[in-house]
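Here is a short briefing on strands and charged pairs. Keep the structure open as you read.

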Amino acid sequence: MHQVNIKDSDKSFSVGKIICLGRNYLDHIRELGNQVPDRAVIFCKPASSIIADGGKIQIPDYSDDCHHELELALLIGNTGKNIPEADALQYVAGYGVALDLTLRDLQAELKGKGLPWEIAKGFDTSCPLSAFTAAEQVKNPNNIRLMLKVNDEVRQDGSTAQMMRSIEQIIAEVSKYYRLEPGDIILTGTPAGVSRIKSGDQLYGEIEQVGSLRVSVA
Ligand code: MG
């Protein structure tokens, strides 16, 4: 079982499900040539995909095109179903820095065949995750900068203000499909700039007010 903590507190959560939003930033939808979705694009990663700050990414030998996607992570603190947007932020216990690592070649192959592509998203080490910052310490999480460097070169630099669905809208929509429980994590999508990572790369992600995450590729 994987535990996550809230910084500067004794609060610890066993991770439940990791629910991820795809296509939540227009500039990223455009860079991959995807359609703008009416309904949120939602998929899950297993808790076993998490690695902590300082960890090593293992790219599986069946892929030659692993991409980084920097994302704001929400840690859910309360149980809720069909949560109204107006109450949604009360369900967030903390905010973290996450990477939604993606085997783009495998995803494209499965997508092309009309098959589910979760194995391109949920492989071991595909979810590097920082410690969480208590929600009350993050002012206006719908307008904070997120930035990712690979080997000191900036690859992604965006703001959660560019999200097509706000955090409140994401929680309302996701909780229609899945009951949210303490320890669940939601990844909120990635801005433009995704690219291939390779053995030896050093990744450094930073989200304003939230914190940072440093991992490397084995
Ligand atoms: Mg993503």
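In which sense do strand β13 and strand β17 pair, and over how many bridges? They pair in the antiparallel sense, over five bridges. Bear in mind that this is a predicted model.

**Strands β13, β17 and β18**
- Strand β13 covers residues 145-150, and strand β17 covers residues 202-207.
- Leu146 stands opposite Ile207 in β17.
- β17 also pairs with strand β18 (residues 211-217), antiparallel, over six bridges.
- Glu206 has Ser212 in β18 as its bridge partner.
- Three residues separate β17 and β18 in a hairpin. Gln209, in the turn, has a positive phi of about 70°.

**A three-strand sheet**
- An open sheet runs in the order β10-β7-β16, with antiparallel pairing.
- Its edge strands are β10 (102-103) and β16 (196-197), each pairing on one side only.
- Strand β7 (residues 66-67) and β10 share two bridges. Cys66 is partnered there with Leu103 in β10.

**Salt bridges**
- Side chains of opposite charge can pair when their charged atoms come close.
- The whole structure holds 13 salt bridges.
- One of them joins Glu69 and Arg104, at 2.8 Å from N to O. Glu69 is in the loop between β7 and β8, while Arg104 is in helix α2, 35 residues apart.
- Glu69 is buried at 4% relative accessible area. Arg104 also counts as buried, at 11%.
- Arg145 and Asp157 form another, with the closest N and O atoms 2.8 Å apart. Arg145 lies in β13 and Asp157 in strand β14, so the pair ties together parts twelve residues apart in sequence.
- Lys198 forms a salt bridge with Asp201. Lys198 is partly exposed at 44%, whereas Asp201 is buried at 2%.
- Shared partners join Lys45, Glu69, Asp100, Arg104 and Lys121 into one salt-bridge network.

Technical notes
Residues are numbered from 1 along each chain as its sequence is written. This is a predicted model: local features need pLDDT of at least 70, side-chain atom pairs count only at pLDDT 80 or more; totals for chains, interfaces and linings use all residues. Side-chain values use heavy atoms; hydrogens and water are left out. Two strands pair if DSSP finds at least two bridges between them. Helices (H or I, at least four residues) and strands (E, at least two) are DSSP runs, numbered from the N terminus. A salt bridge is a side-chain nitrogen of Lys or Arg within 4 Å of a carboxyl oxygen of Asp or Glu. Buried means under 20% relative accessible area, exposed over 50%, partly exposed in between (1.4 Å probe, protein chains only).
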